[in-house]
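Here is a short report for a reader new to this structure. Please look over the sequence and the model first.

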Amino acid sequence: MTALGALFYLLAAVLLGAAILTATRRNPVHAVCCAVVVFLAVGGLFAVLGAPLPGVLMVVVYAGAIMVLFLFIIMLLGLPAGDGPLPAGRLLVPGILGAATLLALFVLIGADPAAQTLLPAAQASPAAVGTLLFDTYWLAVEAVSILLFAALAAALLLGRGRPGPGQPATGGRGA
Amino acid sequence: MNIPLSHVLAVAAALFVIGGAMAAARRSILMILIGVEFMLTAGSLAFVGAALAWGNVSGQAAVIIVMGLASAEAALGLALLVHGRRSGGTVDADSYARLGGDA
């Protein structure tokens, strides 16, 4: 096994372990910290699989921006903090259903002959990805930018709070 | 590199199922959102593996677009969470039952 292959299995083990920890922690801060580990490991996996640009973006956008936003919200709202793992009874039914789904997916993946090909050790340059993105898929990029703007406007509207009966609708203070 | 594509797909499937089980098992809306993020990330991982297997960069472009969708989803979901907490006082998904009549 080459060094890249060993790195892949190591990162995959870290990823799945941290994901299971995230799903079972009761304290939301602990869960978000485990989720940061998951996204860092996914960024590493992207780099191993020859996608340095999505890997770096994964670290910056997911582990950096989105998870810090989650932490901000937890601290802003003062969510109730439990301790330790979830009780096993709550995890039983989703766990059984998830295990059955996973078994079916593994059988499907194993039965596909195209999935058994060994991956080449190739790297896609960020310039090639960027050129493709803005050349062939420019419409999708524009659609995502409109979606982000709509999400921004909706977040501003929702976060502003409800104005009182006599007050004008503009104003920064929440009700 | 000695990794078959099936192992990448297996890791992506496992992450997807963990995210789905998390969204189903947790009651806090915050944890449900993190579960949905895991599911989107698993889709991105499968895209990157397929891009490498077929030598086609389009998969990586799709990952970047999925990332934009996921950040819009997280921003809107968290804004809804803050709004719900302000008007309802809780982040428990089971307690948003005002349309049921008695709550």
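The model is a predicted one.

Two packed helices are described by the angle between their axes and the distance between the axes. Here the axes of helix 3 of chain A and helix 2 of chain B (residues 29-54) come within 12 Å. They cross at roughly 175°. Angles over 145 degrees count as roughly antiparallel. Helix 3 of chain A and helix 2 of chain B are therefore roughly antiparallel to each other.

## The whole interface

How many residues of each chain are in contact with the other? On chain A there are 69, in contact with 57 on chain B. Six elements of chain A give two or more residues to its side: helix 1 (3-24), helix 2 (28-48), helix 3 (52-77), helix 4 (88-111), helix 5 (126-135) and helix 6 (138-159).

Helix 4 of chain A gives the largest share, eleven residues. By type, the side of chain A that touches chain B divides into 55 nonpolar residues, 13 polar and one charged.

## Helix 1 of chain B

Helix 1 of chain B runs over residues 5-25. At 1.5 Å a residue, its 21 residues should span 30 Å.

## Domains of chain A

The domain assignment of chain A gives two stretches: domain 1 (1-82) and domain 2 (124-159). Taken over C-alpha atoms, the centres of domain 1 and domain 2 of chain A are separated by 23 Å.

## Pro126 of chain A

Pro126(A) lies in helix 5 of chain A. Why does Pro126(A) count as partly exposed? There are 15 other C-beta atoms within 10 Å. A buried residue needs 20 or more, and an exposed one has 12 or fewer, so Pro126(A) falls in between.

Leaving out residues up to four places away in sequence, Pro126(A) touches Pro52(A) and Leu53(A). Trp138(A) is twelve residues from Pro126(A) in sequence. In space the two are 16 Å apart, C-alpha to C-alpha.

Key
Residues are numbered from 1 along each chain as its sequence is written. Chains are lettered from A and ligands numbered from 1 in the order in which they are written. This is a predicted model: local features need pLDDT of at least 70, side-chain atom pairs count only at pLDDT 80 or more; totals for chains, interfaces and linings use all residues. Helices (H or I, at least four residues) and strands (E, at least two) are DSSP runs, numbered from the N terminus. The expected span of a helix is 1.5 Å times one less than its number of residues. Two residues are in contact if their C-beta atoms, placed from the backbone, lie within 7 Å. Ala, Val, Leu, Ile, Met, Phe, Trp, Tyr, Cys and Pro count as nonpolar, Asp, Glu, Lys and Arg as charged, and the others, Gly among them, as polar. Domain bounds come from an automatic or database domain assignment. Axes are lines fitted to C-alpha atoms, for helices over the stretch in contact, and angles run from 0 to 180 degrees between N-to-C directions. Angles under 35 degrees count as roughly parallel, over 145 as roughly antiparallel, 65 to 115 as roughly perpendicular and the rest as oblique.
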